[in-house]
Amino acid sequence: MTAGELAEITGLTLRVGAVATAAILPPAVALGLLFARRSFRGKSIAQALVALPMVLPPVAVGLALLLLLGQRGPLGGLWSRLGIEIVFTWWAAAIAAGVVGFPLLARASEQAFAAVDPSYERLARTLGLSPLQVFFRVTLPLARRGVLYGALFAFTRALGEFGATALVAGILPGRTETLALGIYSRVQLAEDGDALALCAASFALALAAMLLAEGWLGGGAASGTPGGERGRR
Amino acid sequence: MRTAGFVLALAALLARPAGADELLVAAAVSLREPLATIARVFEAEHTGARVQLAFGASSTLAAQARAGAPLDVLIAADAETLDALAAAGLVRTDRRVVLAGNRLVVLASAELRIPLARAADLARPEVRRIALPERGVPLGHYAREWLAGVGLLASLAPRFVITEHARATLAAVDAGHADAGIVYATDARAARSAHVAFIPTAGEQPRIVYVAAPLTNARAPALAAQFVAALARADAQRILVAAGFLPPPDETSR
Amino acid sequence: MSEASTQIRVALSRGGFALDIDAAWSERVAVIFGPSGSGKSTLLETLLGLVPAAHARVKLAGVWLDGPEPGVRLRPEQRRLGWVPQDARLFPHLTVEQNVRFAEARGDVAGGSAAFSRAIEALEIGDLLARRAHELSGGERQRVAIARALASGPRALLLDEPLASLDLPLRARVLRHLLRVRDELEIPLVWITHDPDEAQLAGDRVIVIEHGRVVASGPPREVLWSRAVLPLSEALGLENVIDARVASTGAHECSVETARGLRLVLPISLPVGERVCLGLRAHDVLVSADPPGRVSARNVLPARVTNVEIEGGDARVTLDAGEPLVAKLTAGAIERLALRPGSQVYALIKSQTLRRIA
């Protein structure tokens, strides 16, 4: 394996993880907010459904996606009419990674939002901010630690996604071969040295992501949580 | 230097659009080394063309093709796999090429204390695990065909360790996870600690053929057809034979 | 008579608690007074538009926020009310300055940075701007919360028990700031409290709420010392409240004087001109029918009895000593001193019994 191949696999993995995380960020955060702030009929069923990709075997998720997105699936036909190919492209890897990462981010967001005292939001409303402004200026900043950790978990889960990805994206070198898939196929080929090099790249990526997240959070002990002012009633 | 190259390549890759003259060739994993050489030769002859190789069990690759993988050329280790795809209209039969033949060998791990000289030796109690792929994989199919022919399939079946494809079978015996394994003669060349114990006799050998065809919906149909055709040419044939493959047997003699 | 500038009609029922408030007033500063659990905070949240379930007709500062037609209601962000919550609720992710400037995000704050500067100055929080909520004392937090409400350019200021979460020494300081804000502002204030001192000092009018209903409404002193409200206000610590300024000062004491000429000596040295609000419990006021001779009490004030109320063995005597003062005596003492409205007496006040409340 050349440095170019290693970079190609690492770059693809990074791209898959970044695209997957970025794509699920808005809906997963929105859903987390919904679960944290509203009660409605069928909420626990909805929560269980969202958690499903987390508890199902990834291969089962992959099969479901394959049936859904494959050319004979209900959505695959639509894509191919539009001239878009998904299955066995890196988009498929990103979709698989996104789907398995979604529950992690949604659940972490839900918990982070639930920990935000709603009185801050009410106060912000009285200061003239619309609900949307309140979300971006108060709720999200107060929950940012939890949401960011959720995004980090989803991202690192995406980096390591194997089961679902192998089914919907295949292991096509240079196209869909992410680090996890590359490690597996190289172990199968008894190329242990290359497999270890890919493992090292995985480790470096995960470590970099975690350090970046920690740096972003600033390590400020009390800055992120509203703990300083709570419990004084 | 490797690190710098890695970073540069990574940066280039993150911005890289999909190549225009790119061929994705999916091939039986046993063809790994010679096909890599053939692809390089092909790239040298076709300026701008880039051949991307994906190796796996022929059955896995066929499943991917059926599911819509963007493959341009498929090379399988048996005729049936491609025939089935052709029946589904997924590969072009008019460009189909038989490029090579092969033989089965029995590998013994370095740890196995007894010598193996014939099929019946596989039944000895010291041979606790025998590596081979599942039935759907061409090698698995060929291995079972041979064992059935010598009347050992049923009695040895409990000792089977199922591997993913030909190279994984080799790796399993090399690593000592299995005491013996059934692989192609060509794969045995890549063995590190395992050794060829014996070669089933010509009479026992199943008929092994490698067949290539372009996919019906290849993105670069002309280039795909050229690549398939190139496999039958003399230079490619020399490379295959040098790697231990047999020349393509006459298909009609089946 | 012109229509009252503030009209509130609120009905709300939740979890066995019913709030049914009907009140109207035109005074600028209204104190909503009542024990905890009486529905004061819920009323305030209804005024803020934060209780969707409430049936409300609310006119504040001359503007209809709910109604007058049923179903017409402004959203919380449209009401422009400056809310100071009970425990400050400073946004923990923001600095003091960002908290005070918070409303600027909506882009149309009347006065903009001038409102910010005025709020910073009035609450004396210029030194705190770079800090975060968790780095502030309780009193500082409350002052920042008031500044935040002020800087939003509100049409009215709504204070929810602004001192309740503070320790006693801090209260005096924050109350001083609040009274200053009260005096400098021209917008209406709705001030919720269960502290009779605050109610007497701050309010132009007090509205007494118990069990979700208005039980009395009127001038603070009159209402809180009325026979009907007295059991409640006494239970909550009703006392005489004297609002004065330092007239002269010495090394160990100073002399303060109210607007109407009542002079008192305090055993502390304070700068001349400083506002001093004092609490004096009714049973700490001694009454002498004759001019006392040499007594230890530092303050001997000539006064006239304006009212005498006897209840069983207890009596309440209202004196006019320049300012109204209530003394709590026994019924026997009334008889012995022959106190009746019009009697000329002397009120004796030990300076240690004068507690500074602002």
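Predicted model: local features only at pLDDT ≥ 70, side-chain atom pairs only at ≥ 80, totals over all residues.
## Chain A

Let us start with chain A, whose secondary structure comes to ten helices and zero strands. Read from the N terminus on, its elements run α-α-α-α-α-α-α-α-α-α.

H7(A) covers residues 131-160, and its end C-alpha atoms are only 37 Å apart, whereas a straight helix of 30 residues would span 44 Å at 1.5 Å a residue.

As for burial, 51% of the 233 residues in chain A count as buried. Among contacts in chain A with a separation of 6 or more, 75% come from residues 24 or more positions apart.

## Chain B

Chain B brings in strands too: its secondary structure comes to ten helices and ten strands. Its radius of gyration is 19 Å, close to the 18 Å that the globule rule gives for 254 residues, so chain B is as compact as a globular protein of that length. Of those 254 residues, 46% are buried. When contacts in chain B between residues at least 6 apart in sequence are considered, 75% of them join residues at least 24 apart.

## Chain C

In chain C you will find nine helices and 20 strands. A compact globule with 358 residues would have a radius of gyration near 21 Å, and the 22 Å of chain C agrees with that. Buried residues account for 46% of the 358 residues of chain C. Here 66% of the contacts between residues at least 6 apart in sequence join residues at least 24 apart.

How confident is the predictor about chain C? The average pLDDT is 92, and 98% of the residues score at least 70. Within chain C, confidence is highest in strand S3 (residues 29-33), at a mean of 97, and lowest in helix H3 (residues 113-123), at 88.

## The chains in outline

| Chain | Box filled by C-alpha atoms |
|---|---|
| Chain A | roughly 65 × 40 × 30 Å |
| Chain B | roughly 55 × 50 × 35 Å |
| Chain C | roughly 70 × 45 × 40 Å |

## How the chains meet

Which chains share the most contacts? Two pairs of chains are in contact, and chains A and B share the most. In this pairing, 24 residues of chain B are in contact with 25 residues of chain A. On the chain B side, the elements that give two or more residues are helix H1 (2-14), strand S2 (50-56) and helix H7 (166-174) of chain B. H1(B) gives the most, with seven residues. Sorted by class, this side of chain B has 14 nonpolar, six polar and four charged residues.

Chain A also meets chain C, in a contact that takes 25 residues from chain C and 23 residues from chain A. The side of chain C that touches chain A divides into 14 nonpolar, four polar and seven charged residues.

What about chains B and C? No contact joins them, and their closest C-alpha atoms lie 35 Å apart.

Terms used
Residues numbered from 1 in each chain as written. Chains lettered and ligands numbered in written order. Contact = placed C-beta atoms within 7 Å. Helix = DSSP H or I, 4+ residues; strand = E, 2+ residues; numbered from the N terminus. Nonpolar A, V, L, I, M, F, W, Y, C, P; charged D, E, K, R; others polar. Expected span 1.5 Å × (residues − 1). Rg over C-alpha atoms; globule rule 2.2 N^0.38 Å. Buried ≥ 20, exposed ≤ 12 C-beta atoms within 10 Å, placed from the backbone. pLDDT = per-residue confidence, 0-100.
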